[in-house]
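User: Here is a model to go through. Let us take it feature by feature.

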Amino acid sequence: MKDTIRKVLGNLLILTLFFLPVGTFKPNRILNGNDFYSVNIFTFEFFLLALFFISYIINRKNRFLSIIRSLFLILLPVYLIYRIQAFQFIGDYDETIARISLHISAYLTIMGVIILLSTEKYPKIKIFMSLFLVLTAFIFNLFPMLGLSREFINRRETFNAEFFRHLTLAISSLLFAIIPSIFFAYQSTKHEKLREWIMGFINGFQVAPTLSLIALIMIPLSYLGSQFPFLRDLGIKGIGFLPSFIILTLYALLPITSNTYTALKQIEPSIMDSAYALGLNRTQIMFKIQFPLALPLIISGIRIALVQSIGNTILAGLVGGGGLGSIIFLGLSQSAADLILLGSIPVVFMALTSDIIFEVIEEKIKVRMGLSR
Amino acid sequence: MIQLRNVTKKYDKQEALRGIDLNINEGECIVLIGPSGCGKSSLLKSINRMIDIDSGEIRVFNQSIESYRVEELRRKIGYCIQGVGLFPHLSVKENIAIVLRVLKWKEEDIDQRVNELLSMTELPLSYINKRPHELSGGEAQRVGVCRALATNPSILLMDEPFGALDPLTREKVQLAFKEIQKKLHKTVVFVTHDVEEAILLADRIALMQEGKILHLDTPNKFMNLDKNEYGSDFLGKDYSLRLLKRFTLADLNLKEVRSFNSLVNLSLGSSVKDGLSYCLNAEQSIYFNDNNHIYELSYNDIYNFMQRINHE
C-alpha cells in the first residue's frame with residue numbers, strides 16, 4: 001500500500017517534465033534567464049518515458065522488467081542533466097559567461113527518481129549509483145554549460161578546501177564523542193539515577209536548536225579568548241573551528257550513548273548471570289561479553305551520529321568554522337541557486353556514502369559474530 | 001563438602017531463607033525441590049555467592065565462603081542455569097574455554113580439555129566451531145554442562161537446568177547427566193520443581209517450603225510421607241508410582257525361566273514403571289528377553305521390591 005503511494009507520487013513528479021520548465025538559460029550570472037521546456041530538448045525520449053509509465057500501469061511482477069526499469073531510473077538524472085545543459089540558445093550571448101541552470105521539473109524528476117528507486121530492491125545502493133553517475137559526469141566536466149560547473153570551476157580551490165574541512169570537522173567531532181558516549185552508557189547501566197542525569201543532559205542538547213547552541217557557546221569562548229591572549233593563540237575564540245567542533249561533539253553524544261545503553265541492557269540476564277557464575281570479573285565480562293555483544297548496535301549508533309554530524313556541520317559555515325556550509329550560505333546571500341547546490345550536493349553525497357559504508361561494516365560484524373546470517 | 005549453618009536471607013520484606021541447616025557430603029547429588037518462591041534458588045545461589053546471605057555461615061571445602069576471593073570461589077564451583085546462558089557471539093569451543101583462557105591455559109591443553117568434555121557429554125567433536133544458535137535445546141544444555149565442568153570443579157550447582165527442554169529431550173538429557181554423574185562423582189546441588197526429575201537424579205531430596213527445609217531424605221523414604229500433608233500434596237498422591245521410574249528391572253532380582261507364552265518388549269534396563277505398565281495389560285505374569293535370557297515379571301515381584309526398599 002505504502003509502495004503504491006510512493007509509486008504514484010514518483011511517477012507524478014516525473015510527469016512534470018511534460019508541462020513545467022526543465023531549465024533556464026542565463027546570458028550571465030546576474031541577468032534573469034529564459035526558461036525552456038522538455039519539448040525543446042527531447043524527441044525520441046518521450047517515447048521511452050511513455051514506455052516507462054506504461055510499465056508501471058500494467059504493474060506486473062517481472063524480474064526482467066524491474067531490472068530494465070531500475071536501469072532507466074539510475075541513468076535518467078545524469079542523462080537529463082546532460083541534455084539540459086546541452087540546450088542551444090538561439091540569440092546573442094557570450095559563451096564564456098553564459099550558463100544553464102536546472103529548473104523546477106528537473107529537480108522534481110530527480111526527486112521522483114529517488115522515490116521510485118526506493119520502492120525497488122536494494123534502494124540505497126541504486127540511489128547511490130544514480131548520484132554517483134551524476135557526480136562522475138560532473139567531475140569529468142561533461143556538463144560545461146551547467147551553472148553548477150561554472151561555479152565549481154570558478155572556485156575549485158575554495159571548494160576543495162571546504163570539502164575537506166567539512167569532512168574533518170564531522171569526523172573529528174564524531175571521534176571525540178565515541179569514548180565518552182560509551183563510558184556514559186556503561187555507567188548508566190550500573191546506576192539508574194546517573195542514567196537519568198546523563199540522558200537528561202544529552203537530550204537537552206538534542207532538543208535545543210543547533211544554531212542557538214552555537215550562539216550560546218560563542219559567549220563564554222569569546223570571553224575566554226579576549227581575557228587570556230594565550231588561549232586566543234591556541235584557537236580559543238568565539239568564532240571559527242572550536243565552537244562548531246564542541247557543538248558537533250555534543251550532538252554526536254546522544255545516538256551513540258542511547259544505542260550503547262540499549263545494547264548493554266538488551267543482553268539477556270541469563271548470559272550475565274552465567275558469566276559471573278563462571279568466575280569472570282567485571283573487566284573480563286565487559287571486554288569478553290558485554291562489548292562484543294553490544295558492538296553491532298554501537299556501530300549503528302556511530303553511523304547515525306556521523307550522518308547527523310555531516311548534516312549539522314553545514315551550520316559551522318555561519319560561525320566561520322568553514323565547511324561546505326560557507327559555500328551554501330554565500331549562495332543564499334547572493335540568491336545564487338547554483339552556488340547553494342554546489343555546497344549541498346556534496347553534503348548529501350557524503351552522508352549517503354558514510355551511511356552505506358557503515359551499514360556494510362555493521363552487517364559484516366554481525367555475520368562474523370554469528371548474530372545474523 | 002558443603003555445610004550450611006542457620007542461613008537466612010531477606011529480600012525487602014519477604015524472607016527467602018529462614019534458618020537453613022544442611023550438610024552435603026562429597027559425591028552426592030542433593031535435589032532441592034519445592035514450589036516457586038520456596039527459596040530453593042536462593043539457597044543454591046548463596047553457595048557460590050551469586051547472592052549474599054544475611055546471617056549464618058556457609059562452608060565449602062571446610063572453609064567459609066567469605067574467605068575466598070569471589071571469582072576464585074566461583075571457579076571452584078560449576079554452575080548451570082535454565083536457558084543455559086551460552087554466549088551467543090562465541091563458538092561452542094570458546095564458550096567452554098572462556099575461563100580456561102582467563103586462567104591462561106596452553107592452547108593444546110584447552111583443545112584436549114574441550115574434546116574430553118564433548119566426548120563425555122556425547123557431543124560430536126565437529127561441534128566446536130558451531131554457534132549457540134545452531135544447536136538444539138538439548139545440545140545447548142550439554143554445552144552448558146561442559147562449560148560448567150571446564151575447570152573440573154568438584155561442586156556443581158544446577159538451577160532447573162533442564163526446565164526449558166521438551167519432555168522427550170529432557171528425559172534423554174537427564175539420563176545422560178545421570179551417567180556422567182556416575183563416572184565423575186561430583187557433589188551436585190540441583191534445583192527443580194519437577195518431582196520425577198528429583199526422584200531420578202537425587203541421592204537425597206530436600207523438600208522446601210517458605211524458606212525452610214521440611215524434609216531431607218533419600219527418595220525411597222518419601223513414600224511414607226502422607227502424615228505431613230503439605231509434602232504429600234506437593235510430591236503427588238502417585239509418588240510411589242513415580243518412584244518406580246528410579247529403578248530398573250535389574251534391581252528386582254527376577255527369576256530366569258525356561259517356558260513362556262509370549263514376549264514383551266522390555267529388557268533389564270527398562271524402568272520398573274515400564275514393567276508395571278506392561279503388567280497392567282496382562283492377566284498373569286509377563287515375560288521378556290534380555291540378552292537371550294528369559295525373565296518373568298509379575299505384580300508380586302514389584303510389590304515385594306517396594307516392601308524391601310521401604311524397610312531398607
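**Pockets and a sheet**

User: How do the residues lining the largest pocket divide into nonpolar, polar and charged?
Analyst: This is a predicted model: local features need pLDDT of at least 70, side-chain atom pairs count only at pLDDT 80 or more, totals for chains, interfaces and linings use all residues, and side-chain values use heavy atoms, without hydrogens or water. Residues are numbered from 1 along each chain as written, with chains lettered from A and ligands numbered from 1 in written order. Nonpolar means Ala, Val, Leu, Ile, Met, Phe, Trp, Tyr, Cys and Pro; charged means Asp, Glu, Lys and Arg; the others, Gly among them, are polar. The lining of the largest pocket has 27 nonpolar, four polar and one charged.

User: Which residues lie nearest the centre of the largest pocket?
Analyst: A pocket is an open set of 1 Å grid points over the protein atoms alone, where a 1.4 Å probe fits, with protein on both sides within 12 Å along at least five of seven lines; lining residues have an atom within 4 Å of a point. Here 32 residues form the lining. Nearest the centre are A:Val134, A:Leu135, A:Leu148, A:Ile345 and A:Pro346.

User: Which helix gives the most to the lining of the largest pocket?
Analyst: Six helices of chain A each supply at least two residues: H4 (63-85), H5 (104-117), H6 (123-139), H7 (147-154), H8 (156-190) and H16 (337-368). Helices (H or I, at least four residues) and strands (E, at least two) are DSSP runs, numbered from the N terminus. With eight residues, the top contributor is H16(A).

User: Which domains of chain A each give at least three residues to the lining of the largest pocket?
Analyst: Domain bounds come from an automatic or database assignment. The two are domain 1 (2-146) and domain 2 (156-368).

User: And which residues are closest to the centre of the second largest pocket?
Analyst: This lining counts 28 residues. Closest to the centre are B:Leu175, B:Lys178, B:Leu200, B:Lys245 and B:Arg246.

User: Which helix gives the most to the lining of the second largest pocket?
Analyst: Helix H6 (167-184) and helix H7 (195-201) of chain B give two or more residues. The most, ten residues, come from H6(B).

User: How many charged residues are in the lining of the second largest pocket?
Analyst: Domain 1 (2-243) and domain 2 (247-311) of chain B both give residues to it, so this pocket lies between them. Its lining has eight nonpolar and eight polar residues. The charged residues number twelve.

User: In E12(B), what is the bridge partner of B:Leu263?
Analyst: An open sheet of chain B has the order E11-E12-E13 with mixed pairing. E11(B) and E12 (286-290) pair in the parallel sense over two bridges; pairing takes at least two DSSP bridges. The partner is B:Tyr287.
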